[in-house]
Amino acid sequence: MTDTAGTEPRVIATDAALAFLAEIREDHPDILFHQSGGCCDGSSPMCYPVAEYRVGETDVKLGEIGGVPVYISGSQYEVWKHTQLIIDVVPGRGGMFSLDNGRERRFLTRSRLFAGGGACALPIDEARPAE
């Protein structure tokens, strides 16, 4: 399923993330992102070769960054549909199966609310419920 609602893009990337993505594409030209929903690698955006990842029937395509499609599970989309995802890059190790692993930098998702909300201070994978 492709998400086409709204006029603002559902996913964007920082310049640093686009540069890192271009570096990875030198080794793996045909890739995709899937926003992880938790488990082993938290909720990091995972980067895979297209031939090695099967997009699920209920996954939602949020858009593209740097010519690379970005997907999220349908159930996770329902939780995050009011936000714009911002793919960034920070120092650290990528997800175990993600193509950013072993490069001493990793992709990170930040978010901002649609309808004029500001960017969240915490990335999705570090956000905690309000007390």
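## A walk around the model

Start by selecting Lys-81 and Glu-78: their side chains meet in a salt bridge, 2.8 Å from N to O. Keep in mind as you look that this is a predicted model. Both partners are partly exposed, with Lys-81 at 37% relative accessibility and Glu-78 at 46%.

The largest nonpolar core has 20 residues, and Phe-33, Leu-62 and Phe-107 touch the most other members. To see where the core comes from, bring up helix 1 (15-27), strand 2 (31-35), strand 4 (60-65), strand 5 (68-72) and strand 6, the elements that give two or more residues to it. Helix 1 gives the most, with 4 residues.

Zoom in on Phe-33 and show what surrounds it. Leaving aside residues up to four places away in sequence, Phe-33 touches Leu-21, Pro-45, Met-46, Cys-47, Ile-65, Val-68, Pro-69, Val-70, Tyr-71 and Phe-107. Phe-107 is worth a click of its own, as another of the residues that touch the most other core members.

**Back to the charges.** How many salt bridges does the model have? The count comes to 5, and the Lys-81 to Glu-78 pair you began with is one of them. For another, select Arg-112 and Glu-8, whose side chains meet at 2.1 Å, N to O. Arg-112 sits in strand 7 (residues 105-113) and Glu-8 in the segment before strand 1 (11-13), so this pair ties together parts that are 104 residues apart in sequence. Are the two partners buried or partly exposed? Arg-112 is buried, at 15% relative accessible area, while Glu-8 is partly exposed, at 32%.

**Last stop.** Select Glu-64 and Lys-61, where the side chains form a salt bridge of 3.2 Å, N to O. Glu-64 counts as partly exposed, with 45% relative accessibility.

How values were computed:
Residues are numbered from 1 along each chain as its sequence is written. This is a predicted model: local features need pLDDT of at least 70, side-chain atom pairs count only at pLDDT 80 or more; totals for chains, interfaces and linings use all residues. Side-chain values use heavy atoms; hydrogens and water are left out. A nonpolar core is a set of buried Ala, Val, Leu, Ile, Met, Phe, Trp, Tyr and Cys residues joined through side-chain atoms within 4.5 Å. Buried means under 20% relative accessible area, exposed over 50%, partly exposed in between (1.4 Å probe, protein chains only). Contact means heavy atoms within 4.5 Å. A salt bridge is a side-chain nitrogen of Lys or Arg within 4 Å of a carboxyl oxygen of Asp or Glu.
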